[in-house]
Amino acid sequence: MNLGFSEVLLILFVALLLFGPSKLPALGKAAGNTLREFKNATKGLMEDEDSSSTKK
């Protein structure tokens, strides 16, 4: 899924039209927090798996 500059620009323009300029920062912050939590949860799962495999 390669997105070029024009595709990213089109997506941002449509998002601006749909949500308005005042909502975009809040949406970006929420998306960032969600990705950060998901990353931390998957890291915790990998660490749990590594620690259980070394105990055997």
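Reader: Leaving out residues up to four places away in sequence, which residues does Leu16 touch?

Author: Leu16 touches Pro21 and Leu24 once those sequence neighbours are set aside. Please keep in mind that this is a predicted model, and that Leu16 itself is found in helix α1.

Reader: How should I read the exposure of Leu16, and is the residue buried, partly exposed or exposed?

Author: The general idea is that a residue is called buried under 20% relative accessible area and exposed over 50%, with partly exposed in between. Leu16 has a relative accessible area of 36%, and it is therefore partly exposed. Leu18, which also lies in helix α1, counts as exposed because its relative accessibility is 64%.

Reader: Where is Leu3 found, and what does Leu3 contact beyond its neighbours within four places in sequence?

Author: Leu3 is found in the segment before α1, and, with those neighbours left aside, it is in contact with Val8 and Ile11. Its relative accessibility is 47%, so Leu3 counts as partly exposed.

Reader: Which residues form the nonpolar patch on the surface, and which helix gives the most to it?

Author: An α-helix has 3.6 residues a turn, so residues three or four places apart point the same way. In this structure, the nonpolar patch on the surface is formed by Leu10, Phe13, Val14, Leu17, Leu18, Phe19 and Leu27, which together have about 730 Å² of accessible area. Helix α1, covering residues 5-19, gives the most to this patch, with six residues.

Reader: How many helices and strands are there in the protein, and what share of its residues is buried?

Author: The protein has two helices and zero strands, and buried residues make up 4% of its 56 residues. Its accessible surface comes to about 5300 Å², and 67% of that surface belongs to carbon and sulfur atoms.

Terms used:
Residues are numbered from 1 along each chain as its sequence is written. This is a predicted model: local features need pLDDT of at least 70, side-chain atom pairs count only at pLDDT 80 or more; totals for chains, interfaces and linings use all residues. Side-chain values use heavy atoms; hydrogens and water are left out. Patches are made of residues with over 30% relative accessible area and no salt bridge: like charges are joined within 9 Å, nonpolar side chains (Val, Leu, Ile, Met, Phe, Trp, Tyr) within 5 Å. Accessible areas come from the Shrake-Rupley method with a 1.4 Å probe; for residues, only the protein chains shown count as cover. A salt bridge is a side-chain nitrogen of Lys or Arg within 4 Å of a carboxyl oxygen of Asp or Glu. Helices (H or I, at least four residues) and strands (E, at least two) are DSSP runs, numbered from the N terminus. Buried means under 20% relative accessible area, exposed over 50%, partly exposed in between (1.4 Å probe, protein chains only). Contact means heavy atoms within 4.5 Å.
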